[in-house]
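This briefing looks at pairs of charged side chains. Please view the sequence and the model together while reading.

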Amino acid sequence: MSLTHVRGPLGTEPAGSSSPALPDGGTTYVEPHPRRIRGVVDGVAVIDTERALLVHRPGRTLQYAFPADAVADLPSEPAPLSPGFVTVPWDAVDTWTEEGRELVHYPPNPYHRVDCRPGDRRLRVEVAGEVLVDADRTVALFETGLAPRLYVEPGLVRTDLLRRSSTSTYCNYKGWATYWDAVVDGSIVADVAWSYEEPLAESTAIAGHLSFDAARAAVVAELPG
């Protein structure tokens with residue numbers, strides 16, 4: 001939802017300004033998306049097209065729209081601003097792929113960007129009186145619509161005080177995240193940190209690095225602003 005994110009250029013509270021001013025409440029934007037999109041049910045591709053559109057709507061997850069004759073008998077509804085095109089619920093198929101990459105949750109957004117910048121911003125993390133990190137060799141990750149994050153290589157972390165948790169999440173731009181609990185003198189702080197062991201191509205600079213949740217630990221991070 002990068003364009004239509006609340007603070008995005010087509011969102012309800014854009015961070016910047018435009019001339020002429022955009023309508024209050026955000027703007028719907030539909031554009032061609034010339035990539036091969038496939039939707040698979042029971043091992044069979046029921047959608048296979050290079051004529052998809054991307055539908056950006058404020059307050060809504062980014063959606064594909066397809067030519068009506070490309071969706072077989074899947075449930076659908078007319079796409080906005082696009083006669084002859086329909087949208088299909090994400091859970092109407094078992095698996096979505098875009099040019100061979102399996103997707104999770106929603107389409108990747110061409111206006112969403114991840115920039116990883118190694119540098120000397122300082123990160124200090126303390127849990128239950130123990131310092132887990134105090135380093136100024138970090139990677140700053142800047143991601144569209146989100147606050148910057150600092151990541152640090154495991155060699156600069158008290159990993160002896162961390163253990164892998166059962167939590168896992170997925171990001172379309174970073175990949176699958178592994179979470180870590182802190183265990184200090186028998187006290188457990190769940191999911192205090194996360195890492196991307198095998199990140200997607202755009203985020204390889206943080207492979208294996210850890211970032212920490214400021215709501216679960218005392219985190220001092222030297223960040224912009």
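How many salt bridges does the structure hold? In this predicted model, the number of salt bridges is 15. In general, side chains of opposite charge can pair when their charged atoms come close. Some of these pairs are described below.

**The Arg122 and Asp134 pair**
- Arg122 and Asp134 form a salt bridge through their side chains, with an N to O distance of 2.9 Å.
- Arg122 sits in the loop between strand S10 (114–119) and strand S11 (123–127), whereas Asp134 belongs to strand S12 (residues 130–135), so this pair ties together parts that are 12 residues apart in sequence.
- Arg122 is partly exposed, at a relative accessible area of 35%.
- Asp134 is also partly exposed, and its relative accessible area is 43%.

**The Arg124 and Glu126 pair**
- A salt bridge joins Arg124 to Glu126, and their closest N and O atoms are 3.1 Å apart.
- Glu126 has a relative accessible area of 29%, which makes this residue partly exposed.
- Arg124 is partly exposed too, with a value of 26% for relative accessible area.

**The network**
- Which residues are linked with Arg122 in a network of salt bridges?
- The network links Arg122 with Arg124, Glu126 and Asp134.

**The Asp213 and Arg216 pair**
- Asp213 and Arg216 meet through their side chains in a salt bridge, at 3.1 Å from N to O.
- Arg216 is partly exposed, its relative accessible area being 41%.

Key
Residues numbered from 1 in each chain as written. Predicted model: local features only at pLDDT ≥ 70, side-chain atom pairs only at ≥ 80, totals over all residues. Heavy atoms only, no water. Salt bridge = Lys/Arg side-chain N within 4 Å of Asp/Glu carboxyl O. Helix = DSSP H or I, 4+ residues; strand = E, 2+ residues; numbered from the N terminus. Buried < 20%, exposed > 50% of the residue type's maximum accessible area, 1.4 Å probe, protein only.
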